[in-house]
Amino acid sequence: MKKIVPLLSRLDQDRHKNLAALVDRAKSLAQTGFEKIEWDSSVWLITDGRLSKSPGKRQGDAAINFSTPKDIGGLALPGAWGDVAKALMRLRFNSRSQSMSNQRNFVTAIAYIWHSAGNTEFVHLNQEILNKACGLIRSSYAASTAYNLYKAV
């Protein structure tokens, strides 16, 4: 048993370090339209660029909320959960240029994961929590929308 404890402690340290590196990388990106966002805000207003000009959307600023849907509380994603949603959203957009609706679905999936995790920290995310989130999504959405959220999970 003594050999397992140091490995687990190191694993936790690495996960915290990796999360911090992910957030730092996302914050360092220079993306059009993101100049005025405040990282700690639960609502980002994107003022220019591809996300503000998505097909089927009126021209102009686009908002993305880093919070849970109203049916599970409408709360802002706290701490590391909010940081990971923001960081991954920016990195996904930077690498693949997904549409705003795709980004919103991704954030919604993270919100369901957070809700399903309860008091579990992000760095302790596991398969059981992801399965619970998918079950909650299945009970909240039609099959076609749930399918897109499952892909994000």
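## Ground rules

Residue numbers start from 1 along each chain as its sequence is written. Because the model is predicted, local features need pLDDT of at least 70 and side-chain atom pairs count only at pLDDT 80 or more, while totals for chains, interfaces and linings use all residues; side-chain values use heavy atoms, with hydrogens and water left out.

## H4 against H5

Two packed helices are described by the angle between their axes and the distance between the axes. Let's start with helix H4 (residues 127-140) and helix H5 (residues 143-152): their axes come within 9 Å and cross at roughly 160 degrees. (Helices are DSSP runs of H or I with at least four residues, numbered from the N terminus; axes are lines fitted to C-alpha atoms over the stretch in contact, and angles run from 0 to 180 degrees between N-to-C directions.) H4 and H5 are therefore roughly antiparallel to each other, a label for angles over 145 degrees.

Which residues of H4 and H5 make the contact? On the H4 side they are Cys134, Ile137 and Arg138, and on the H5 side Ala146, Leu149 and Tyr150, where contact means heavy atoms within 4.5 Å. Five of these residues are nonpolar, none is polar and one is charged. (Ala, Val, Leu, Ile, Met, Phe, Trp, Tyr, Cys and Pro count as nonpolar, Asp, Glu, Lys and Arg as charged, and the others, Gly among them, as polar.)

## H3 against H5

H5 also meets helix H3 (residues 100-117), with axes that come within 8 Å and cross at roughly 75 degrees. That makes H3 roughly perpendicular to H5, the label for 65 to 115 degrees. Here Asn105, Phe106, Thr108 and Ala109 of H3 touch Asn148, Leu149 and Ala152 of H5. This contact splits into four nonpolar, three polar and no charged residues.

## Aromatic pairs

How many aromatic pairs does the structure hold? There are six, counting rings of Phe, Tyr and Trp (its six-membered ring) with centres within 6.5 Å. Trp39 and Trp44 have ring centres 5.4 Å apart and planes at 55 degrees, so this pair is tilted (under 30 degrees is stacked, over 60 edge-to-face and the rest tilted). Both Trp39 and Trp44 are buried, meaning under 20% relative accessible area with a 1.4 Å probe, protein chains only. Ring pairs also link Phe34, Trp39, Trp44, Phe66 and Phe93 into a cluster.

Definitions and conventions. Helix = DSSP H or I, 4+ residues; strand = E, 2+ residues; numbered from the N terminus. Parallel < 35°, antiparallel > 145°, perpendicular 65-115°, else oblique. Buried < 20%, exposed > 50% of the residue type's maximum accessible area, 1.4 Å probe, protein only.
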